[in-house]
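Good morning, colleagues. Please bring the sequence and the structure up on your screens, and I shall take you through the protein.

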Amino acid sequence: MTLSFVAGFTLYSVLLFAQGVQAQEAPKVHSMTGCLKAGPTPDSYMLTDLANGPKTVGIVSSTVNLAAHVGHKVELTGTAVPEEEAMKENKDVPKAPHYLKVIAMKHISTTCP
């Protein structure tokens, strides 16, 4: 009897704990358009002259080769990264009010405003 009580209580505790744990939402994918510029260190990039949103965006990482598009107007698609996480992941990321992990790029123009 005692064993079944302990087993039942343990199962009940596990179920209560599982209900209390909330699933974290995945970062939302969004796009930003602006001028792609080289950052202060090799292989670092930033997005400037944005039509909407922050004045600059630090590029934390990219699955796209951005080097050939420096100085071009581009639309970058990716997920936002909190500043603390951005600095841990990439010590060379340019300081900015917003940070982005890039997953796609659309070329808009070979010139920037």
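Of the 113 residues in the protein, 31% are buried.

Please bear in mind that this is a predicted model. The average pLDDT of the protein is 83, and 79% of the residues score at least 70. Where does pLDDT stay under 50? That applies to residues 3-21, for which the model has zero contacts beyond four places in sequence. Where pLDDT is low, the predicted coordinates should not be read in detail.

I turn now to the fold. The protein contains two helices and five strands, arranged along the sequence in the pattern α-β-β-β-β-α-β. Considering contacts between residues at least 6 apart in sequence, 65% join residues at least 24 apart.

Which strands pair with β5? Strand β3, residues 56-62, runs parallel to strand β5, residues 98-109, and five bridges join the two. Within this pairing, Ser 62 has Val 102 in β5 as its bridge partner. Strand β4, residues 73-80, also pairs with β5, here in the antiparallel sense and over eight bridges. Opposite Thr 79 stands Lys 101 of β5.

To close, I would draw your attention again to β5, which pairs with β3 in parallel and with β4 in the antiparallel sense.

Terms used: Residues are numbered from 1 along each chain as its sequence is written. This is a predicted model: local features need pLDDT of at least 70, side-chain atom pairs count only at pLDDT 80 or more; totals for chains, interfaces and linings use all residues. Side-chain values use heavy atoms; hydrogens and water are left out. Helices (H or I, at least four residues) and strands (E, at least two) are DSSP runs, numbered from the N terminus. Buried means under 20% relative accessible area, exposed over 50%, partly exposed in between (1.4 Å probe, protein chains only). Contact means heavy atoms within 4.5 Å. Two strands pair if DSSP finds at least two bridges between them. pLDDT is the predictor's confidence in each residue, from 0 to 100.
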